[in-house]
Amino acid sequence: MADPKFTTPVLVVSMENATARRAAFTERARATGLPWRFFDGKRTLADGLVLAADAVERNKGRQLTQGEIGCYSSHFSIWQDMIANGTRQSIVLEDDTIVDWAFLARLAETNLTAEGIPYLRLYAKTPTWQKKIRKDFLQHSRTVVELVGNAYGTQAYVITLEGARAFSQACRVVRRPIDDEMDRSWDHGVRNLMLFPAPVIEEFVESGIGSTRFATGRSVAHGTRRQKLARWVERQRIRMKKLGLALER
């Protein structure tokens, strides 16, 4: 239930020098009465993170780009700040999003801890397997679904202090991009819940992370027998997660 006394800070991840993006986002948010602020994006590995370069090479067949490391560090830093400050809940957006501010205001008044939702996606880049969890959430025909698989994207989500603590622990060692890691509910146990239809979409602009990560082939480390076996085991874990949810009533 929404409670006008409950407030949620809105943080918009944006590089400090992203003048055009910031101006465009500010213009789109001009009419909202919901307080928000820019969170300066990181460029280097944040304190508390350890980069496992060999694991990245095995998992992705390449190394992470500077943009991917910066994105990872930015979201990790937000969670760390929440833990340090005891922030109960935050709405996290990226500066290339187009937002339904009226719905977000309602969401900002909703204590997700009381709803049993430590993490709620407001956008995803790729369709994946899902199950309906709750109908008519805050609005008629707005549904909470649980995703299993890689949905990708960190453009928009709400996270509670419990969720920030869980992700901070699960993501402390960098083995893959941050959205890959957050999607891995079958591993870290944080349910990958999402609001459908999404109240946020991504603007059609060049990714701040860049597209060079898609331009090269996989490295040898990605194709070893050991790594192929690891990916097979991973697929079985995902299938078991789907089966478990499908059998739940």
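Visitor: Why is Arg-176 called buried?

Guide: Arg-176 has a relative accessible area of 11%. Buried means under 20% relative accessible area, exposed over 50% and partly exposed in between, using a 1.4 Å probe and protein chains only. With 11%, Arg-176 therefore counts as buried. This is a predicted model: local features need pLDDT of at least 70 and side-chain atom pairs 80 or more, while totals for chains, interfaces and linings use all residues. Residues are numbered from 1 along each chain as its sequence is written, and side-chain values use heavy atoms, without hydrogens and water.

Visitor: Where is Arg-176 found?

Guide: Look at the loop between strand 10 (173–174) and helix 6 (178–183). Helices (H or I, at least four residues) and strands (E, at least two) are DSSP runs, numbered from the N terminus.

Visitor: What makes Arg-176 and Asn-59 a polar contact?

Guide: Their side chains are joined at 3.4 Å. A polar contact is a pair of N or O atoms within 3.5 Å; within protein, one must be able to donate a hydrogen and the other to accept it, and residues adjacent in sequence count only if both atoms are side-chain atoms. At 3.4 Å, the pair therefore qualifies. Arg-176 also makes a polar contact of 3.0 Å with the side chain of Glu-181.

Visitor: Why is the pair of Asp-180 and Lys-60 called a salt bridge?

Guide: Their closest N and O atoms are 3.0 Å apart. A salt bridge needs a side-chain nitrogen of Lys or Arg within 4 Å of a carboxyl oxygen of Asp or Glu, so this pair qualifies. Asp-180 lies in helix 6 and Lys-60 in helix 2, so the bridge ties together parts that are 120 residues apart in sequence. Asp-180 is buried at 8%, and Lys-60 is buried at 16%.

Visitor: Which residues are linked with Arg-176 in a network of salt bridges?

Guide: The network links Arg-176 with Glu-181, Arg-184, Asp-187, Glu-234 and Arg-237. Within it, the side chains of Glu-181 and Arg-184 meet at 3.4 Å, N to O, and both of these residues are buried.

Visitor: How do you know that the buried residues of helix 2 are on the same side?

Guide: In helix 2 (residues 53–60), the buried residues are Ala-55, Val-56 and Lys-60. They cover an arc of only 105° around the axis, which puts them on the same side. The arc is that of the directions from the helix axis to the C-beta atoms.
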